[in-house]
Amino acid sequence: MRETGLRPTPSSPSTPSSPSEAPRRAARGRSARWDHVLSLLTTTKRLSVAEVAADLEVSESTVRRDFMEMERAQLARRTHGGIVAVDVAYSLASVPRAADEGSAQRERVADRAASLVEPGQIIGFNGGRTTTSAARRAVSRSDLDSRDGTPGLTVVCAALNIATEAVLRPSVRTVVLGGVAEPYSFELTGPLATATMRDLWLDTMFVGTVGLDLGAGLTCNSDAEAGVTRIMIGHSRRVVGLATADKIGHRALAGICPVSVLTDLVIAGPVPEDLRAHLQESSVRLHEV
């Protein structure tokens with residue numbers, strides 16, 4: 001079990017609260033507590049009643065009730081004295097909290113991706129943490145006001161969690177593909193998704209990837225997800241790949257597209273010279289962040 005900053009030393013009334021105490025105070029509401037616990041489960045996979053009670057500064061009986069209700073909602077499985085994670089992609093459904101370098105790189109990529117969006121465009125996203133962050137930033141831009149009944153932005157979503165980010169914005173028109181939702185990525189796949197996408201056209205498609213390899217191109221873990229993403233790419237004027245340096249050289253199961261299909265690649269971290277040369281040779285614009 002990794003350390004999670006448990007059992008803080010209480011401060012006296014005259015001592016200013018430390019920055020780490022603010023999240024604990026904010027996490028005392030039930031929904032916020034659940035979100036906090038699920039975020040911890042993405043890395044620890046197992047939590048005890050005692051440590052969560054100490055971490056959130058609530059009673060153990062409150063935590064036990066939370067654990068019981070989370071199990072009923074199939075968000076976790078109870079064990080003796082605690083809970084364990086179930087096979088669900090918790091991290092995609094909530095705002096990223098990790099402060100590690102990988103998370104910082106993803107956010108830099110997402111920020112640049114959102115800056116490439118122009119008001120009034122029709123844009124698309126496949127699923128993943130980076131595309132989710134990019135979509136969140138894009139739909140929250142203040143210059144995307146709708147005018148004369150025209151949407152400030154149209155977002156075509158291949159993932160349910162991205163649709164929930166977009167649909168809350170009144171100036172954004174949200175288009176959701178049909179199909180079967182994948183439990184790991186929330187992506188919609190199957191004949192309904194591909195049939196819907198064949199009738200839609202995009203200005204820009206943002207493509208997240210599990211692997212980025214010169215030979216294999218952009219890859220992901222599901223051939224069904226890759227198939228839908230390929231159709232979205234084929235129906236877009238501009239194709240923007242989003243990646244962090246740790247994806248370079250990795251090959252996942254299913255090919256999405258060759259690197260040369262991209263018009264742009266936004267990447268955080270060091271770029272190997274062979275990849276840099278390939279991008280230049282293929283006229284792919286490189287955005288280093």
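Accessible areas come from the Shrake-Rupley method with a 1.4 Å probe, and for residues only the protein chains shown count as cover. On this basis, the accessible surface of the protein chain comes to about 14200 Å², with 52% of it belonging to carbon and sulfur atoms. The structure is a predicted model, in which local features need pLDDT of at least 70 and side-chain atom pairs count only at pLDDT 80 or more, whereas totals for chains, interfaces and linings use all residues. Residues are numbered from 1 along each chain as its sequence is written, and side-chain values use heavy atoms, leaving out hydrogens and water.

The protein chain holds ten helices and 15 strands; helices (H or I, at least four residues) and strands (E, at least two) are DSSP runs, numbered from the N terminus. Of the 289 residues in the protein chain, 47% are buried, where buried means under 20% relative accessible area, exposed over 50%, and partly exposed in between (1.4 Å probe, protein chains only).

Attention can now turn to the interior. A nonpolar core is a set of buried Ala, Val, Leu, Ile, Met, Phe, Trp, Tyr and Cys residues joined through side-chain atoms within 4.5 Å. The largest such core has 30 residues, and those with the most contacts inside it are Leu177, Leu212, Leu218, Met232 and Ile256. At least two residues of this core come from each of several elements, including helix H8 (191-197), strand E9 (202-208), strand E12 (236-244) and helix H10 (273-281). Helix H9 gives the most, with five residues. Another core, of 26 residues, lies apart from this one and has Ala134, Leu144, Cys157 and Leu242 among its members. Returning to Leu212, its partners beyond four places in sequence include Gly217, Leu218, Ala243, Ile267 and Leu275.

The strands come next. Two strands pair if DSSP finds at least two bridges between them. Three strands form an open, antiparallel sheet in the order E10-E11-E13. Strand E10 (211-213) and E13 stand at the edges with a single partner strand each, so one side of each has no neighbour in the sheet. From one strand to the next, the twist averages 35°; axes are lines fitted to C-alpha atoms, for helices over the stretch in contact, and angles run from 0 to 180 degrees between N-to-C directions. E10 and E11 run antiparallel and are joined by three bridges, with Gly211 standing opposite Thr219 in E11. Helix H9 lies across E11 and E13, running at about 10° to E13.

A parallel arrangement is found elsewhere. Strand E5 (residues 153-157) pairs with strand E6 (residues 172-176) in the parallel sense over five bridges, and Val156 stands opposite Val175 in E6. Together with helix H7 (residues 160-167), E5 and E6 make a right-handed β-α-β unit. A crossover is right-handed if, with the strands pointing away from the viewer, the path from the first strand over the helix to the second runs clockwise. The buried residues of H7 are Asn161, Ile162, Ala163 and Ala166, and they pack against strand E4 (122-125), helix H6 (129-139), E5 and E6.

Most residues other than glycine have a negative phi. Glu57, in the loop between helix H3 (49-56) and helix H4 (60-72), has a positive phi near 60°; this residue is partly exposed, with a relative accessible area of 37%. Phe186 also has a positive phi, of about 65°, although it is not a glycine. Its place is in the loop between strand E7 (180-181) and strand E8 (188-189), and at 18% relative accessibility Phe186 counts as buried.

Gly208 lies in strand E9 and counts as buried, at 10% relative accessibility. Gly208 and Thr130 are 78 residues apart in sequence, yet their C-alpha atoms are 6.4 Å apart in space. Leaving aside neighbours within four places in sequence, Gly208 is in contact with Asn126, Thr131, Leu242 and Ile256. Arg108, in helix H5 (residues 101-115), is partly exposed, with a relative accessible area of 34%.

Definitions and conventions. Contact = heavy atoms within 4.5 Å.
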